[in-house]
Structures are given as C-alpha cells and as structure tokens.
Amino acid sequence: MPFMEWTQEKYGTTVDACDKQHQELFNRVNALNDAVSESKRVEIGSRLDSLIAYVVEHFQTEERLMEERSFDGLTKHREIHEDLVSTCADLQKKFHANEADIEPETMTFIKKWLNEHIPVIDRKYGPALSS
C-alpha cells in the first residue's frame, strides 16, 4: 500500500492541471518514502531533490493560474508556498551536507502538510480556476 494515495474525493480541486500535478507529487512522495524505508541514502537524496524540484514547479503552475484568473487568495497562497519551499530548501541543504537525515518523522510532516493543504487550501481555488 502506498504511503499516500491520491483520490478525487479527498484531493480533487476541479483544476485538471493541478490535480495531475498533485498526483505526481504523491508519486514522488511515495518514492521518497520507499527510499527512506529502505535507508538508501543515495536514493533518498535523489528522490528528495526530485520531489523538491517538482514542488517548486507545481507551486509556479498554481500561482501562474491564480494570477491569470486574478484569484483573490493569491498573496496568502504564495506566502504558504514560500514557507514550505524555504523549509524544504533548508532540509535539502542540510541533508546534502550530512547535517540532517530524512526520517519517518520527515515523511509524516510531508503527509500532514499535503493532507492539510490540498483539501483545505487548494480546494478554495477550484471554482475560480476551473471556470
């Protein structure tokens, strides 16, 4: 069973491009979790880099769509994104400097963040961006 499983009912935003990217994020989170479970540091590093790069790409997509539709919540949404990217960049830097590890608690943080962000925060843009 995957660490995280995307379902339309729980995570769907009605914005196809974002939903597809969310599904890919889940795939990358699951791949990172597999590497963490197997304690494979080289794979963890590679998968961490891949996940963070995709998170940045996804956030750019969401923000561009919000800008195009003059979405009211863009400023707050961008702040939330910037906070997570800053946290990720710090962790990534420390991991590659052998100053931190990606542990099951890290995966729990990622899962909790996605479980709180997509169904609660991202769903708010659905009606504005899908019309």
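A cavity here is a set of points on a 1 Å grid over the protein atoms alone where a 1.4 Å probe fits but cannot get out; grid points are joined across faces, edges and corners, and the volume is the space filled by probe spheres set on the points. The model is a predicted one, in which local features need pLDDT of at least 70 and side-chain atom pairs count only at pLDDT 80 or more, while totals for chains, interfaces and linings use all residues. Residues are numbered from 1 along each chain as its sequence is written, and side-chain values use heavy atoms, with hydrogens and water left out.

The search of the whole structure finds one cavity of 30 Å³ or more. Its lining, made of residues with an atom within 4 Å of a point, comprises 16 residues, and Leu51, Val55, Leu84, Cys88 and Ile110 lie nearest the centre. Two or more lining residues come from each of helix 2 (16-37), helix 3 (41-68), helix 4 (74-96) and helix 5 (104-121); helices are DSSP runs (H or I, at least four residues) numbered from the N terminus. The lining divides into 14 nonpolar residues, two polar and no charged, where Ala, Val, Leu, Ile, Met, Phe, Trp, Tyr, Cys and Pro count as nonpolar, Asp, Glu, Lys and Arg as charged, and the others, Gly among them, as polar.

Aromatic rings provide further contacts. Rings of Phe, Tyr and Trp (its six-membered ring) pair if their centres lie within 6.5 Å, with planes under 30 degrees apart counted as stacked, over 60 as edge-to-face and the rest as tilted; the count comes to two aromatic pairs. The ring centres of Tyr11 and Phe26 are 4.8 Å apart and their planes stand at 75 degrees, so this pair is edge-to-face. Because Tyr11 belongs to helix 1 (residues 8-11) and Phe26 to helix 2, the pair ties together parts that are 15 residues apart in sequence. Tyr11 is buried at 4% relative accessibility (buried means under 20% relative accessible area, exposed over 50%, partly exposed in between, with a 1.4 Å probe and protein chains only), and Phe26 is buried at 1%. Phe59 and Trp113 form a tilted pair, 6.2 Å centre to centre with 45 degrees between the planes. Since Phe59 lies in helix 3 and Trp113 in helix 5, this pair joins parts that are 54 residues apart in sequence; both residues are buried.

The cysteines form no disulfides, a disulfide being a pair of cysteine sulfur atoms within 2.5 Å. The sulfur of Cys88 is 18 Å from the closest cysteine sulfur, in Cys18, which is too far for a bond. Cys18 is buried, with a relative accessible area of 0%, and Cys88 is buried at 16%.

Two loop residues other than glycine have a positive phi. Ser70, in the loop between helix 3 and helix 4, has phi near 50 degrees and is exposed, with a relative accessible area of 62%. Asn98, in the loop between helix 4 and helix 5, has phi near 60 degrees and is exposed at 60%.

Terms used: On a 1 Å grid over the protein atoms alone, a cavity is a set of points where a 1.4 Å probe fits but cannot get out, and a pocket is an open set with protein on both sides within 12 Å along at least five of seven lines; lining residues have an atom within 4 Å of a point.
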